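Here are my notes on the model you sent. Please read them with the coordinates open.

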Amino acid sequence: MDYRAEKTFRHERKEIATLQRRGFDFMLKGREKRRFPLSFMEKEVEYRFTVAEPVMGCLIAEAEDFVEIDIDSRLLDAKDAVAECNAVIARHAERCCRIMAKAVLNDRCRDVKEVGRLTGLFLRTLTPSQLRTLLQRVAVLGDLESFTDAIRLISKARVTMPERIAGDMRALSPSGED
């Protein structure tokens, strides 16, 4: 690896570490119905959300939804990857909004009622390009790519694990016999 590529790589890792420490904020404008006497009227509301480094439970919950997103091989070969990515997000909009809701809630990501409320809000207010940008930031923040790959490796290793454990146990037995 040449010096320039190594410097770029170090700079990227430094930015990711900063993002993980700070998290990020985003704002949405939405409409909300007024309370009882004027319930037929709506008012403009501004929501502010913070996404911080996810706890393990939240990371697992997000990974469960990310795995379910069907990514076509066209996306990898597409000339306009952003348009293809927006198309994937449009097909899986509810799942993507659920991932965002879990990222916002972080340690409360198993609160089904609150996840559903935020998912609905994100479905009504976010555009596909905004959702794509936010999902990319969430994936970087939680290092979801590495986490998902690690889960895949663990599950693959687990298939062959019983034989390996049996071999190790024989080697560790006091007599060393079969």
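1. Basis. The model is predicted, so local features need pLDDT of at least 70 and side-chain atom pairs count only at pLDDT 80 or more, while totals for chains, interfaces and linings use all residues. Residues are numbered from 1 along each chain as its sequence is written, and side-chain values use heavy atoms, with hydrogens and water left out.

2. Core. A nonpolar core here is a set of buried Ala, Val, Leu, Ile, Met, Phe, Trp, Tyr and Cys residues joined through side-chain atoms within 4.5 Å; buried means under 20% relative accessible area with a 1.4 Å probe, protein chains only. The largest such core has 28 residues, and those touching the most other members are F26, F49, V51, M100, L118, F122 and L131. At least two core residues come from each of β1 (24-33), β2 (42-51), α4 (81-91), α5 (93-105), α6 (112-125) and α7 (128-141). The greatest contribution, 8 residues, is from α5. Helices (H or I, at least four residues) and strands (E, at least two) are DSSP runs, numbered from the N terminus.

3. V51. Setting aside residues up to four places away in sequence, V51 touches G23, F24, F26, A103, V104, V138 and L141. Contact means heavy atoms within 4.5 Å.

4. Helix α5. The end C-alpha atoms of α5 are 18 Å apart, in agreement with the 18 Å that its 13 residues should span at 1.5 Å a residue; the expected span is 1.5 Å times one less than the number of residues. Buried residues in α5 are C96, C97, I99, M100, A101, K102, A103, V104 and L105. Their cover includes β1, β2, α2 (56-68), α4, α6 and α7.

5. Helix α6. With 14 residues, α6 reaches 20 Å from its first C-alpha to its last, close to the 20 Å expected. Its buried residues are E114, V115, L118, T119, G120, L121, F122 and T125, and these pack against β1, β2, α5 and α7.

6. N106. Where is N106 placed? N106 sits in the loop between α5 and α6, just after α5, with a positive phi of about 50°. N106 counts as buried because its relative accessibility is 11%. Its side chain reaches the backbone oxygen of E53 at 3.1 Å, and a polar atom of that side chain lies 3.0 Å from the backbone nitrogen of V55. Beyond its neighbours within four places in sequence, N106 is in contact with A52, E53, P54, V55 and C58.

Technical notes. Buried means under 20% relative accessible area, exposed over 50%, partly exposed in between (1.4 Å probe, protein chains only). A polar contact is a pair of N or O atoms within 3.5 Å; within protein, one must be able to donate a hydrogen and the other to accept it, and residues adjacent in sequence count only if both atoms are side-chain atoms.
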